[in-house]
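Here is a briefing on one protein chain. Look at the sequence and the model first, then read the points below.

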Amino acid sequence: MNTEMSPQEVVDVTRRDFLATGTTGLGTLALASLLQKDGLLAPGANAALRTDPLAPKSTHFTPKAKNCILIYFEGAPSHVDLFDPKPKLNEMDGQALPESMLEKVRFAFIKKEGVRLMGSPRSFRSHGQCGVELSDLLPHLGSCADDIAWIRGMHTSQFNHHPGQLLMNSGSPLFGRPTFGAWLNYGLGSQSEDLPGYVVLTAGRGSSGGSSAWSSGFLPTTYAGVLFRNSGDPVLNLSNPPGITPQMQHLGLDAIGDLNKLRYKYVADPQISSRIAAYELAGRMQTAAPELMDLSSESEETKKAYGLDRTTPNIKNRGGGKGTYETFARNCLLARRLVERGTRFVTCLHASWDHHSNINNELPFCAGMCDQPIAALIKDLKQRGMLDDTMVIWASEFGRTPLGENRTSRSGVTGRDHHPYAFTTWMAGGGIKGGQIIGKTDDIGWNVVDERISVHDMHATILDRFGFNHEDLTYRFQGLDFRLTGFEGANVVKKLIA
């Protein structure tokens, strides 16, 4: 019996097979895409269908964290008034430091002649099983003590704001480097197709460093932070102007997309790819962003927990004016909603904590603004089962001196200068071991005396929790393989790892 098929029969079978099975495969792909858009498919399950620059990517090893919320306080909160009680400093209030301690020290404004120690008027008490002592200005945050790793051993090489902000956010005090939100966006991609992978929410007077705090540096601009506005459209020109119909917009965007693709084939500039992705994302955001910003689906209990019903105290200060409390509380709730919808990295930025004067009035204003919303954010994430893979970070560029700033006479000293030698940050969730205090400063909060942690160490630890060896997450620029943690050496802080 002859079992061989003729060439024509082979063609017929192939055609029949394609019609019978090929359409099924295409239908499966289409169904998967629709299911993911409706939130009915597991996050990342449809990643293979995406070809945009922010499509989810694999990591070096299994990550513990998926999303990050960075709470950044520009200007530098005083560690000795908030996180690191120093009874000895209070005992020595008004005394001079030994000249040997001041010999090689650089200050932003303090004059070494006549400088004196300045105690803190704040009262401290212990919280949680870990027993961390926190200022009376942070009662709500104290209720989350055992979910947080308190890092009292931070230090930095920078003592002025902008270089310090650049170092904390990008690993370098120089302009043009990607911030670590951009690095995570580049390394991980985004789970959301309809919202940016990196969003920035601001309150107060705005950062002195501006967009350099969320820049993509030499990475393609796709990975940069997108600044959302506090009123109206979250992004300028997101809504169509009067007279522009959806069909007109569709035709225009298609034409622009075709021209960009032709240009990309000719020059292969990655910025063109970023531009194409930005146009496409903007179109999808026209539906997704209004839903994100509409808080009507949130319960009154949730909104009250975050403090959306609070009124900003009428106190003239550099931390912001009317509406600052309400804006920051809303931003914390929006941060949860963003990561819930797949945004990889959210920065909640507030300025300013630059308390060179009037610290006893302005620090309570700033702490009162943030204490309740941040505690609510941590509890909300935990209650929803999201804290396990969402990392929350409190950071600033440095701390503030245990010395009073003496640009005026001693009787007029009411603030503290910049202090890079010791300050406090904290981290929670996302594979971080909470309920512990890491690092110790001396009796006056001047230097770290145990478990010193550099900015690069902190970055290396963050990348580790997101599944990356910090030395291997690189990007070639001008002939060098750059990385977030620089080339001076960095260590993952093992004690922070859950």
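Glu451 is partly exposed, at a relative accessible area of 30%. Lys495 is partly exposed too, at 40%. Here buried means under 20% relative accessible area, exposed over 50%, and partly exposed in between, with a 1.4 Å probe and protein chains only. The model is predicted: local features need pLDDT of at least 70, side-chain atom pairs count only at pLDDT 80 or more, and totals for chains, interfaces and linings use all residues. Residues are numbered from 1 along each chain as its sequence is written, and side-chain values use heavy atoms, with hydrogens and water left out.

**Salt bridges**

- The side chains of Lys495 and Glu451 form a salt bridge, 3.1 Å from N to O.
- This pair links distant parts of the chain, 44 residues apart: Lys495 sits in the segment after strand E16 (480-483), and Glu451 in the loop between strand E14 (448-450) and helix H13 (455-465).
- Salt bridges with shared partners join Glu291, Glu298, Arg336, Arg337, Glu340, Arg341, Asp380 and Arg384 into one network.
- The count of salt bridges comes to 24, where a salt bridge is a side-chain nitrogen of Lys or Arg within 4 Å of a carboxyl oxygen of Asp or Glu.
- Glu298 and Arg337 meet in a salt bridge at 2.7 Å, N to O.
- Glu298 lies in the loop between helix H9 (270-293) and helix H10 (300-306), and Arg337 in helix H11 (residues 324-340), so the bridge ties together parts 39 residues apart in sequence.
- Glu298 counts as buried at 7% relative accessibility, and Arg337 is buried at 1%.
- Asp354 and Arg400 form a salt bridge at 3.0 Å, N to O.
- That bridge spans 46 residues: Asp354 is in the loop between strand E7 (345-351) and helix H12 (359-383), and Arg400 is in strand E9 (residues 399-400).
- Both Asp354 and Arg400 are buried.

**Aromatic pairs**

- A pair of aromatic rings is described by the distance of the centres and the angle of the planes.
- The whole structure holds 22 aromatic pairs.
- Rings of Phe, Tyr and Trp (its six-membered ring) pair if their centres lie within 6.5 Å; planes under 30 degrees apart count as stacked, over 60 as edge-to-face and the rest as tilted.
- Phe83 and Trp150 have ring centres 6.1 Å apart and planes at 45°, so this pair is tilted.
- The Phe83–Trp150 pair links distant parts of the chain, 67 residues apart: Phe83 is in the loop between helix H2 (79-82) and helix H3 (87-91), Trp150 in strand E4 (residues 148-154).
- Phe83 is buried at 2% relative accessible area, and Trp150 is buried at 1%.
- Tyr186 and Tyr475 make an edge-to-face pair, 5.5 Å centre to centre with 85° between the planes.
- Tyr186 lies in helix H7 (residues 180-188) and Tyr475 in strand E15 (residues 474-477), so the pair ties together parts 289 residues apart in sequence.
- Tyr186 and Tyr475 are both buried.
- Ring pairs also link Trp183, Tyr186, Phe218, Tyr223, Tyr475, Phe477, Phe482 and Phe487 into a cluster.

- Leu54 is in the loop between helix H1 (7-37) and strand E1 (67-74).
- Leu54 counts as buried, at 8% relative accessibility.
- The C-alpha atoms of Leu54 and Ser190 are separated by 5.3 Å, although the residues are 136 apart along the chain.
- Leaving out residues up to four places away in sequence, Leu54 touches Asn185, Gly189, Ser190, Gly197, Thr222 and Tyr223; a contact means heavy atoms within 4.5 Å.

**Cysteines**

- The structure has zero disulfides, a disulfide being a pair of cysteine sulfur atoms within 2.5 Å.
- The cysteine sulfur closest to that of Cys332 belongs to Cys348; at 4.9 Å, this is too far for a bond.
- Cys366 is in no disulfide, and its nearest cysteine sulfur, in Cys370, is 7.7 Å away.
- Cys332 is buried at 0% relative accessible area, and Cys366 is buried at 0%.

**Whole chain**

- The chain has 13 helices and 16 strands; these are DSSP runs numbered from the N terminus, helices being H or I with at least four residues and strands E with at least two.
- Of its 498 residues, 51% count as buried.
- Among contacts between residues at least 6 apart in sequence, 79% join residues at least 24 apart.
- The chain exposes about 22700 Å², and carbon and sulfur atoms supply 53% of it; accessible areas come from the Shrake-Rupley method with a 1.4 Å probe, and for residues only the protein chains shown count as cover.
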